[in-house]
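Dear colleague,

My notes on the findings follow it.

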Amino acid sequence: MEPTAVEELSYEQAFAELEEIVRLLETDSKTLEESLALFERGQALARRCAQLLEQAELRIRQLTGEDLTYEDED
Amino acid sequence: MEQRSFLPYLRTISLRVSDLTLYLRQVLESDLLLQDVWVQGEISNLSRPSSGHIYFTLKDEGASLRCVIWRSTAQRLRGNLQNGMAVEAHGRISIYERDGQYQLYVDSMRLTGEGWLYQEFLRLKARLEQEGLFDPERKRPLPPHPKVVGIVTSPTGAALQDMLNILRDRYPLCEVIVAPAQVQGDNAPLTITAALRAVCRQNPDVVILARGGGSLEDLWAFNDERVVRAIAECPIPVVTGIGHETDFTLSDFAADLRAPTPTGAAVAVSPDRDDLRRELSGTIDALAAAFGSRLDQLTGDLDEATYRLDHLSPLRRVENDRQRLDDLVERAKRAQKHILALRQARSQALAGRWAALNPLAVLQRGYAVVTDTAGRVLHSSAGLQAGQDVHVRLAEGAFDAQVTAAHPDQPHP
């Protein structure tokens, strides 16, 4: 399975995958190259999380007339 | 009060009833006390015809007084009048000429003793409590990392800006959907319930219902039964932040969580970025530790192989190579220590960690990782062809190379 580019992951997704990688490294006996690949992926995910955490800008949207109906609904 | 003694002058005059009544009315209406008076008593004979006016009698042990509240005033009065209520009514005394009845034209009222609104508040609270709207089992947990936060509040209030500032600071990763509503006045309950429903259609993870501080009357919309029910029926967890710490509204009781203020509500729905930093930092530590212990295992395997090679091989020429192997094992262990030391010494800042945590720290010692064009690490020169392209990764950078000759028979170090 081709992993998603880290740039496309949300914080939650990246963090969840990072935790999964830690679990894999802790429990499975991977070969050196597999461990290395996992570690590098983990680093990329951690970097993505840190970047999102430091650079995120709050997005704000206000509902307008068509989203709001004031008729008396029961 | 000045005594009016007009009757002697009228004794000989015969008046029509209308004229006398009109005269009496003018007398009453010219009296300043009677035009601006509070009267205490108990409500009885309460009548609320469809005209919207309210009629009742104010009584005490010794007397009674007819009272009228015109519809326009009645609409402004909050709460339900009930027979037996002890009240103070304010207004002016005049005469209803047709019945020859003097009465109090009420323009405002208050409960004697407890506040009027409070009495109403308690009555509705008891009723909704009975229905189970405030049951603790109904309270839902808030999502730990909400992606979308809905906010129902006045779009112009300071409360909204306060909340946005908090979210910006603590948790800028989320999206905010603002559903504007009037938070006081007669239309407030209707616009609040509509905004709640509208924001829920956007499927946020959590909803904040908020209003800045104000008087009990200002906050009254949040005690409106329609608003309270809309909160209880909301499919998404609701956090209220209404007024100040000391204000409790029925909306607060129906909400999944009551925060003391709008700012408090924004804090309640958002994880703190500092906590997230710590959480991430801990996970990075765990990653480095897991990788480090895997390296340990691999080094151990290498040790074992060396030992076996040393004892099993009849070829003494490995002696030479063994020294190299020892050296390699030593370096691997040092690399391992290096990683551990770095992990312990890491600073608070996340930035700058990445280089230090380079998994290829072993490479810093001068080793290279060689991969084929498919990215597989090459462990053996068996199978390599002269002229084949390979990729060599160094501690810093990498380069592509071509095999000039393969020596698969060369003894393993």
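Buried area here means the accessible area (1.4 Å probe) that two parts lose on being put together, summed over both. By this definition, chain B and chain A bury about 4,300 Å² between them, and carbon and sulfur atoms give 64% of that area. The model is a predicted one: local features need pLDDT of at least 70, side-chain atom pairs count only at pLDDT 80 or more, and totals for chains, interfaces and linings use all residues. Residues are numbered from 1 along each chain as its sequence is written, chains are lettered from A and ligands numbered from 1 in the order in which they are written, and side-chain values use heavy atoms, with hydrogens and water left out.

**The interface**

Across the interface, 51 residues of chain B are in contact (heavy atoms within 4.5 Å) with 41 residues of chain A. Three salt bridges are counted between chain B and chain A, a salt bridge being a side-chain nitrogen of Lys or Arg within 4 Å of a carboxyl oxygen of Asp or Glu. Arg61(A) and Glu175(B) form a salt bridge, with 3.3 Å between the closest N and O atoms. Over all chains, the count comes to 22 salt bridges.

Helices (H or I, at least four residues) and strands (E, at least two) are DSSP runs, numbered from the N terminus. Relative accessible area under 20% is called buried, over 50% exposed, and in between partly exposed (1.4 Å probe, protein chains only).

Asp256(B) is joined to Arg140(B) by a salt bridge of 2.9 Å, N to O. Asp256(B) lies in the loop between helix H8 (250–254) and strand S10 (257–259) of chain B, and Arg140(B) in the loop between helix H4 (116–131) and strand S6 (148–153) of chain B, so the pair ties together parts that are 116 residues apart in sequence. Asp256(B) is buried at 10% relative accessibility, while Arg140(B) is partly exposed at 28%.

A salt bridge also links Asp274(B) to Arg277(B), with the closest N and O atoms 2.6 Å apart. These two residues are three apart in helix H10 (residues 273–312) of chain B, and therefore separated by about one helical turn. Asp274(B) is partly exposed, at 36% relative accessible area, and Arg277(B) is partly exposed at 26%. Elsewhere, Arg25(B), Glu29(B), Arg92(B) and Glu97(B) are joined into one network by salt bridges that share partners.

Asp19(B) and Arg16(B) meet through their side chains in a salt bridge of 3.8 Å, N to O. Asp19(B) is partly exposed at 33% relative accessibility, and Arg16(B) is exposed at 56%.

**A buried threonine**

Thr193(B) is placed in helix H6 (residues 188–201) of chain B. This residue is buried, with 6% relative accessibility. Leaving aside residues up to four places away in sequence, Thr193(B) touches Arg226(B), Val227(B) and Ala230(B).

**A hairpin in chain B**

Strands S12 (residues 389–393) and S13 (residues 398–402) of chain B pair in the antiparallel sense over five bridges; two strands pair if DSSP finds at least two bridges between them. His391(B) has Asp400(B) in S13(B) as its bridge partner. S12(B) and S13(B) form a hairpin with four residues between them, and Gly397(B) in the turn has a positive phi of about 80 degrees.
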